[in-house]
Amino acid sequence: MAGSPATMTAIRLGVVGEVLTLSNACIGGHQALRLGMDSIASGRNDVAIVIGHEFPIVPGVLDIYSAEKTCVLSRAVAAPNGAMKPYDVNRDGFVLGEGAVVLVLERQNRVRARGMSGYAVIEDVMSASEAAHPTRMDTSGSFMAKMVEQLLARNGKTPRDVQYVCGHGTATRLNDLAEARALTRLYGEDPRTSPPLTSIKPVFGHLLGASSLLNCMATALMIKNQVIAPTANCAEPDPECPQDHVTGGPRETSIENALSFAFAIGSLSSVTLMRRVGV
């Protein structure tokens with residue numbers, strides 16, 4: 001059953017609070033963050049442990065992903081570390097990863113009471129169905145752009161308040177173009193007016209249902225350390241992705257607000273707004 005990993009983990013650890021499972025492909029982690037935030041804001045819970053996991057590598061899934069017409073799995077089998085090339089003109093798809101991600105959500109006053117500061121603040125999460133296509137996202141970028149504007153507006157911010165975007169970055173043409181076009185709608189085609197865009201997937205692989213939480217984990221660390229991790233293997237950015245790409249090495253910078261993007265099979269999109277502690 002889809003909920004068995006969570007319920008069995010709760011039994012093993014003696015967790016007696018709410019135990020919930022979401023199964024919504026790559027945006028499920030963002031949606032779980034939203035549930036965790038709401039449970040704390042309502043006073044139902046003091047702490048929320050949000051876990052992302054998924055590894056449905058069964059023949060049916062592999063048949064879909066490796067079908068010649070899908071163009072989603074990289075064919076670079078000889079050098080898997082260099083296989084994924086998000087936003088690169090020579091990309092040819094993603095490599096699957098395996099793992100789980102755990103984020104602990106708490107009120108800031110509880111964190112400070114322990115003498116800690118936390119890594120970052122989850123400001124808000126928005127997810128929605130594009131109702132466009134069974135497997136791919138809106139490639140015009142308009143849906144994600146509108147969602148970002150709405151998310152920022154309800155938190156008293158504008159696109160100009162964002163200093164970094166951690167993209168879904170699957171190294172597939174449709175995903176890359178969807179993200180690039182969304183950011184172009186928000187910031188224009190001049191990379192000097194757009195916040196840096198990177199993908200962490202070339203390092204970890206695509207963790208499917210765990211991917212958006214892994215994305216948020218990496219974003220939190222980048223906010224805390226004020227350093228942007230580069231997009232590995234992006235050597236020749238696609239001209240159709242006219243963003244500020246961080247390549248070749250880390251970039252020290254100032255990040256007050258950052259966005260995490262996610263797209264999922266089933267025409268689903270999500271975005272999480274994160275900010276630096278103390279801002």
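Reader: Which backbone atom lies 2.9 Å from a polar atom of the side chain of Q163?

Author: The backbone nitrogen of E256 does. A polar contact is a pair of N or O atoms within 3.5 Å; within protein, one must be able to donate a hydrogen and the other to accept it, and residues adjacent in sequence count only if both atoms are side-chain atoms. The side chain of Q163 also reaches the backbone oxygen of D161, at 3.0 Å. Before we go on, a word on the source: this is a predicted model, in which local features need pLDDT of at least 70 and side-chain atom pairs count only at pLDDT 80 or more, while totals for chains, interfaces and linings use all residues. Residues are numbered from 1 along each chain as its sequence is written, and side-chain values use heavy atoms, with hydrogens and water left out.

Reader: Where does Q163 lie, and which residues does Q163 touch?

Author: Helices (H or I, at least four residues) and strands (E, at least two) are DSSP runs, numbered from the N terminus. Q163 sits in the loop between α5 (142-153) and β4. Contact means heavy atoms within 4.5 Å. Leaving aside residues up to four places away in sequence, Q163 touches P195, P196, S254, I255, E256 and N257. Its C-alpha atom is also 8.4 Å from that of S194, 31 residues apart along the chain.

Reader: Let's turn to strands. Which residues of β2 are on the covered face, and which on the uncovered one?

Author: In a regular strand the side chains alternate between the two faces of the sheet. In β2 (residues 100-106), V101, L103 and L105 form the covered face, whereas A100, V102, V104 and E106 are on the uncovered one.

Reader: In which sense do β1 and β2 pair?

Author: Two strands pair if DSSP finds at least two bridges between them. Here β1 (residues 47-53) and β2 run antiparallel, with seven bridges.

Reader: Which residues of the largest nonpolar core touch the most other members?

Author: In soluble globular proteins, nonpolar side chains tend to be buried together. A nonpolar core is a set of buried Ala, Val, Leu, Ile, Met, Phe, Trp, Tyr and Cys residues joined through side-chain atoms within 4.5 Å. The largest one has 28 residues, and L33, L105, I122, Y164 and M222 touch the most other members. At least two residues of this core come from each of α2 (28-41), β1, β2, β3 (121-129), β4 (164-166) and α8. Helix α8 gives the largest share, seven residues. As for L105, its contacts beyond four places in sequence include L33, M37, I40, V50 and I122. A second, separate core of 23 residues has L152, C234, F263 and V271 among its members.

Reader: How many disulfides are there?

Author: A disulfide is a pair of cysteine sulfur atoms within 2.5 Å. A search of the whole structure finds zero. C26 is in none, and the nearest cysteine sulfur, that of C216, is 13 Å away. C26 is buried, at 8% relative accessible area. The sulfur of C241 is 8.3 Å from the closest cysteine sulfur, in C234, which is too far for a bond. C241 is buried as well, at 2%.

Reader: What about charges: how many salt bridges are there?

Author: A salt bridge is a side-chain nitrogen of Lys or Arg within 4 Å of a carboxyl oxygen of Asp or Glu. The whole structure has 15. One of them joins R34 and D38, with the closest N and O atoms 3.0 Å apart. Both lie in helix α2, four residues apart, about one turn of the helix.

Reader: Which parts of the chain does the pair K157 and E123 link?

Author: K157 forms a salt bridge with E123 at 3.4 Å between the closest N and O atoms. The pair links distant parts: K157 is in the loop between α5 and β4, E123 in strand β3, 34 residues apart. K157 is buried at 16% relative accessibility, whereas E123 is partly exposed at 21%. R173 and E240 form another salt bridge, 3.0 Å between the closest N and O atoms. That pair also links distant parts, from helix α6 (residues 173-187) to the loop between β6 and β7 (244-245), 67 residues apart.

Reader: Where is L208, a residue with positive phi?

Author: L208 is in the loop between α7 (201-204) and α8 (211-225). Its phi is about 55° although L208 is not a glycine. Q226, in the loop between α8 and β6 (227-228), also has a positive phi of about 55° without being a glycine.

Definitions and conventions. Buried means under 20% relative accessible area, exposed over 50%, partly exposed in between (1.4 Å probe, protein chains only).
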